[in-house]
Amino acid sequence: MIPIPVSMLIHTATLQTAANDRDQNRTYTTVAALSRVRVEPSNKQILTDTGAQKQLSAILFYDVRNSAPEGTTFAVGQYVLWNGAEYRIETVELLLDKRKPHHYEVGLSG
């Protein structure tokens with residue numbers, strides 16, 4: 001499988017973690033400034049770990065060869081800031097090519 005072409009990876013985004021202080025004010029810490037990624041709208045329905053049904057707003061595609069920064073990983077509960085909006089990571093799927101990582105598909109809710 002060939003890498004996702006750079007010409008399709010036209011977006012930038014910010015990957016962040018969030019924490020609440022004792023007054024429940026949320027503060028963010030930047031994990032990575034993502035470049036050469038792609039964000040596509042989605043209306044896919046998923047089940048969360050608690051069994052609740054949620055609708056994804058978008059899917060972020062991160063190619064392990066062409067996206068930056070190299071070696072970025074994603075986790076449920078992190079946040080992505082893209083196009084002026086905040087999205088929570090709900091799903092992380094690593095797709096493989098002959099047992100080697102090819103790209104991530106990161107499900108986002110807004």
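Among contacts between residues at least 6 apart in sequence, what percentage join residues at least 24 apart? Hold that thought for a moment, everyone. A word on the model: it is predicted, with local features needing pLDDT of at least 70 and side-chain atom pairs counting only at pLDDT 80 or more, while totals for chains, interfaces and linings use all residues. Residues are numbered from 1 along each chain as its sequence is written, and side-chain values use heavy atoms, leaving out hydrogens and water.

Back to the question: the figure is 50%, where contact means heavy atoms within 4.5 Å.

Now the overall fold. The protein has 0 helices and 8 strands; here helices (H or I, at least four residues) and strands (E, at least two) are DSSP runs, numbered from the N terminus. With a radius of gyration of 14 Å against the 13 Å from the globule rule for 110 residues, the protein is as compact as a globular protein of that length. That radius is taken over C-alpha atoms, and the rule is 2.2 Å times the number of residues to the power 0.38. The C-alpha trace spans about 45 × 30 × 25 Å along its principal axes. As for burial, 34% of the 110 residues count as buried, meaning under 20% relative accessible area, with exposed over 50% and partly exposed in between (1.4 Å probe, protein chains only).

Let me take you to two residues I like. Glu90 sits in strand 7, residues 85–97. Its relative accessibility is 10%, so Glu90 counts as buried. The side chain of Glu90 makes a polar contact with the side chain of Lys54 at 2.9 Å. By polar contact I mean a pair of N or O atoms within 3.5 Å; within protein, one must be able to donate a hydrogen and the other to accept it, and residues adjacent in sequence count only if both atoms are side-chain atoms. Beyond four places in sequence, Glu90 also touches residues including Ile46, Leu56, Val76 and Ser109.

His102 counts as buried because its relative accessibility is 8%. Which backbone oxygen does the side chain of His102 reach? That of Ile2, at 2.7 Å. His102 and Ile2 are 100 residues apart in sequence, yet their C-alpha atoms are 8.5 Å apart in space. The side chains of His102 and His103 are joined by a polar contact of 2.8 Å. Leaving aside neighbours within four places, His102 also has contacts that include Met1, Pro3, Asp63, Val64 and Leu95.
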